[in-house]
Amino acid sequence: MKNMEQIVQGEGRFYIAGDGKDLAQITYKTDKTTGNLVIDHTFVSEDLRGQGAGEKLVRAVVDKARAEQVKIVPVCPYAVHQFKKHAEYGDVLSGNGDRS
């Protein structure tokens, strides 16, 4: 099993790279109307599966939303699952889970 590398913030994404490639990433868009962060995709390679990489990436977006005082709209199924699993993310969850 490989050790997880550091989470890096890129344009519209956070990712974990290693061996010259992206091993995991989460992508989001900023809703131009509300400023909310819309999480639209999460990917974790076989190399990092089962090591909590996806959860750490979701947490990185949560931390960003808190710092910027905006809400998150989880669209990708993995992010939706993480928001259901972690009640402590409720402060940044957009009201009814839609784009408003």
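Which residues on the other side of α2 are exposed? Pro 77 and Lys 84 are, where exposed means over 50% relative accessible area, buried under 20% and partly exposed in between (1.4 Å probe, protein chains only).

The model is predicted: local features need pLDDT of at least 70 and side-chain atom pairs count only at pLDDT 80 or more, while totals for chains, interfaces and linings use all residues. Residues are numbered from 1 along each chain as its sequence is written, and side-chain values use heavy atoms, with hydrogens and water left out.

**View 1. The buried face of helix α2.** Ala 79, Gln 82 and Phe 83 are the buried residues of α2. They line one face of the helix, because they fall within an arc of 100° seen down the axis of α2; the arc is that of the directions from the helix axis to the C-beta atoms. Their cover includes β4, α1 and β5 (72–74). Helices (H or I, at least four residues) and strands (E, at least two) are DSSP runs, numbered from the N terminus.

**View 2. The largest nonpolar core.** This core has 24 residues; a nonpolar core is a set of buried Ala, Val, Leu, Ile, Met, Phe, Trp, Tyr and Cys residues joined through side-chain atoms within 4.5 Å. Ile 39, Val 61, Ile 72 and Phe 83 have the most contacts inside the core. Two or more residues each come from β2 (13–18), β3 (21–30), β4 (37–44), α1 (53–68) and α2 (77–85). The largest share, seven residues, is that of α1. Leaving aside neighbours within four places in sequence, Phe 83 is in contact with Ile 39, Val 58, Val 62, Ile 72, Pro 74, Tyr 89, Val 92 and Leu 93, contact meaning heavy atoms within 4.5 Å.

View 3. The structure holds two aromatic pairs, one of them formed by Phe 14 and Tyr 28. Rings of Phe, Tyr and Trp (its six-membered ring) pair if their centres lie within 6.5 Å; planes under 30 degrees apart count as stacked, over 60 as edge-to-face and the rest as tilted. This pair is tilted, at 6.0 Å centre to centre and 35° between the planes.

**View 4. Thr 27 and its surroundings.** Thr 27 lies in strand β3 and is buried, with a relative accessible area of 18%. Its side chain makes a polar contact of 2.5 Å with the side chain of Asp 40. A polar contact is a pair of N or O atoms within 3.5 Å; within protein, one must be able to donate a hydrogen and the other to accept it, and residues adjacent in sequence count only if both atoms are side-chain atoms.
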